[in-house]
Structure formats: C-alpha cells, structure tokens
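Please look over the sequence and structure before reading on.

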Amino acid sequence: MDMDEEKCPECGANLVYDSEHGEILCESCGIVVEAVIDEGPEWREFEGDNKRRARTGPPRTVMRHDHGMGSQIDWKNRDASGRPLSPRSRRQMQRVRQWDRRTRFSKAADRNLAYALLELDRMGSSLGLPRSVRESAAHVYRQALAKNLIRGRSIEGVVASCLYGACRMCSVPRTLDEIAQTGRIGRKEIGRIYRFLARELKLRTVPTSPEDYVGRFCSELKLSSKVQRRANDLLRTAAERELVSGRGPTGVAAAGIYIASILCGERRTQREVADVAGVTEVTVRNRYKELCERLGIEVVV
DNA sequence: AAGACGAAAGTGGTTGA
DNA sequence: TCAACAACTTTCGTCTT
C-alpha cells in the first residue's frame with residue numbers, strides 16, 4: 001500500500017492525525033489507517049556501516065504464541081474518540097477482526113505444523129522409513145490439524161500415531177512398540193490416538209497381515225530371499241485356512257519364518273526369531289506348533 | 001551348555017451384558 | 001461400568017542335541 005496517499009482507502013475522504021490517541025484516521029468514517037503503537041522512546045541501532053537500521057518495538061513475550069508481536073483489535077464498535085461507528089465501518093471492522101482471527105489461527109497452525117514435521121522427520125528416519133511413508137504420515141497430520149483433532153493431545157503422540165497409520169496404509173507396518181521406542185510416548189497412548197484418528201479421518205486401513213512383516217524380519221535375521229519366499233508361501237496357505245485370524249500378526253510371521261528357515265537349512269533359533277519379531281519364544285512355539293499341525297508340515301530336525 | 005518344549009500363573013486389551 | 005475371555009507374557013522345570 002502506498003502510504004504517501006493522504007486519502008482514506010475505504011471512503012476516499014481526507015485523513016487526519018489524532019495526536020491524543022497517536023493515530024492517523026479518516027475524518028469521515030473514523031477508520032484507523034495507521035496507528036503509532038509505542039509512545040515510548042525509539043532507539044536506533046547503528047552497527048558498523050549505517051545500512052542496518054533496526055527499530056525497537058514493545059518487549060517480546062514468550063507467553064503468547066506470536067511472542068506478543070501480533071496486532072490487537074478492540075471488539076467495541078467505537079472509533080478512536082469513543083463515537084459509535086457508522087454501519088459501513090462496522091462492517092469493515094467485522095472483516096478486519098475476522099481476518100485477524102484467521103491469520104492468528106493460521107500462524108498457530110503453522111508453528112504447530114513446523115514442529116510436528118520436524119518431529120515426524122526425526123522419528124521417521126530413526127525408524128528408517130522411506131520418503132513415501134513419511135509423506136503420507138505428514139498428509140495424515142495435516143488432515144488432523146485441519147479438523148482440529150490435535151487439541152488436547154501431545155504433538156509427539158499425534159505424530160507417532162500418524163507414522164503408525166502411514167506404515168500400515170503403505171503395507172510396511174511397524175509395531176506400536178517400535179514406534180514407541182523412538183520417542184517419549186508410550187505404546188498405549190499411541191494406540192489410543194491412532195484409533196481416534198482412524199475413526200475421525202476415516203483412514204482406510206486393512207488388518208495387518210503377517211506377510212507384511214516377513215521381508216523386514218528376514219533381512220534383520222540375515223536370511224536369504226529363498227527363506228523369505230518360502231515363509232510367504234507358507235503364510236499365504238495358512239491364511240487361506242483361517243489360521244491367522246485373531247492371532248498377533250508378528251507372532252504368526254515369526255513362526256512362519258522359523259519354519260521356513262529350518263526347511264531351507266538356514267536355521268535360526270526360536271529366540272532369535274522371537275527377538276526380531278518382538279514376541280516371546282513361547283508365542284513362536286505355539287504358532288509354530290499350530291502351523292505344523294494344520295498345514296501338515298513335518299519338520300525334520 | 002544351549003536350545004527346545006510345555007505347564008501354570010499373570011498381564012493388558014477387547015467384548016458383551 | 002464391570003466381568004468374562006482370548007491372546008500373549010513370564011517363569012520355571014524338564015528333555016534333547
């Protein structure tokens with residue numbers, strides 16, 4: 001805006017300077033065009049060459065999201081000298097207030113998002129997640145933010161839940177425990193927030209299948225792709241015979257890998273498999289027993 | 001000695017009244 | 001909201017390699 005212009009931008013009338021209130025306002029409609037906020041002393045800073053001229057303003061405060069640097073707009077429909085505003089300028093003030101609210105809110109949202117994305121990146125790289133998964137997590141977070149679902153929940157918790165959901169949506173699931181290890185948020189809380197987000201945002205997630213874990217677990221166990229394929233075949237036929245429903249997918253995956261590793265002559269101990277799958281030997285044993293029984297597999301030791 | 005096995009009791013989460 | 005319930009864990013003793 002060109003401040004040399006001496007006309008009111010709203011009605012085109014002349015502007016006057018109100019020395020008592022320190023404002024430049026329109027003599028006809030009373031709208032404040034420019035306000036001198038700080039009546040106190042004005043310092044200038046000359047550092048080296050006088051190219052940099054910084055002006056000081058009111059002290060900043062950390063108590064407000066914008067450090068107190070935002071503008072404040074009165075709610076009263078009075079002009080600077082206390083007269084009621086004309087209907088026209090009342091409408092104008094409504095619009096100004098509305099925009100003030102909007103930018104105030106969007107600033108807060110920006111800060112929230114900036115912090116969240118930082119956190120998301122940190123957790124994501126700590127989990128070794130590919131870019132596509134992080135992006136989809138960020139997308140979920142933006143949706144949650146837009147729908148005001150963050151309020152009352154920790155940003156870290158929501159970020160963790162978004163990552164968990166994104167992993168599932170991309171069919172590269174991580175367990176709640178794995179996600180929880182990257183931050184200060186517990187497994188229970190992440191699960192709770194995730195369920196909430198899934199319901200509110202109608203996230204389209206299918207139940208996790210054991211096969212989704214096979215690749216990762218196998219590579220952590222340094223097993224060949226032959227074992228990996230064998231395990232997947234095994235689990236697929238197991239799924240067809242409804243051996244999988246109701247069981248924890250990681251446990252089933254672990255058992256499948258355990259069997260496949262024996263069948264392919266690359267045996268791993270129950271403990272090793274159980275550890276990477278985040279279950280106990282006992283669970284591996286139980287699943288493994290069931291699979292052998294129902295699939296008619298005879299494991300020769 | 002290490003791994004595998006299984007029984008028994010305990011834990012946390014889901015479900016249905 | 002509470003109790004029943006299934007899956008899973010913890011613990012521990014025994015058997016096998």
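Predicted model: local features only at pLDDT ≥ 70, side-chain atom pairs only at ≥ 80, totals over all residues.

Which residue just after α8 takes a positive phi? G265 does, at about 70 degrees.

**Helix α8**
- Helix α8 covers residues 249-263.
- Its 15 residues should span 21 Å at 1.5 Å a residue, and this agrees with the 21 Å between the end C-alpha atoms of α8.
- Helix α8 is largely enclosed by the rest of the structure, because 13 of its 15 residues are buried.

**Packing of α8 and α10**
- Helix α10, residues 281-295, packs with α8 at an angle of about 65 degrees, and the two axes are 8 Å apart.
- At that angle α8 counts as roughly perpendicular to α10, since the class runs from 65 to 115 degrees.
- The two helices cross in a right-handed sense.
- On the α8 side the contact involves G251, V252, A254, A255, G256, Y258 and I259.
- These residues meet T283, V284, R287, Y288, L291 and C292 of α10.

**Helix α2**
- Helix α2 has 16 residues, 131-146, and reaches 22 Å from first to last C-alpha, close to the 22 Å expected at 1.5 Å a residue.
- The buried residues of α2 include V133, A137, A138, V140, Y141, A144 and L145.
- They lie on the same side of α2, because they cover an arc of only 160 degrees around the axis.
- R131 and A146 are exposed on the other side of α2.
- Just after α2, N148 has a positive phi of about 60 degrees.

Note on methods. Residues numbered from 1 in each chain as written. Chains lettered and ligands numbered in written order. Heavy atoms only, no water. Helix = DSSP H or I, 4+ residues; strand = E, 2+ residues; numbered from the N terminus. Expected span 1.5 Å × (residues − 1). Buried < 20%, exposed > 50% of the residue type's maximum accessible area, 1.4 Å probe, protein only. Arc of directions from axis to C-beta. Axes fitted to C-alpha atoms, helices over the stretch in contact; angles between N-to-C directions. Parallel < 35°, antiparallel > 145°, perpendicular 65-115°, else oblique. Left-handed = near helix turned anticlockwise from the far one by under 90°. Contact = heavy atoms within 4.5 Å.
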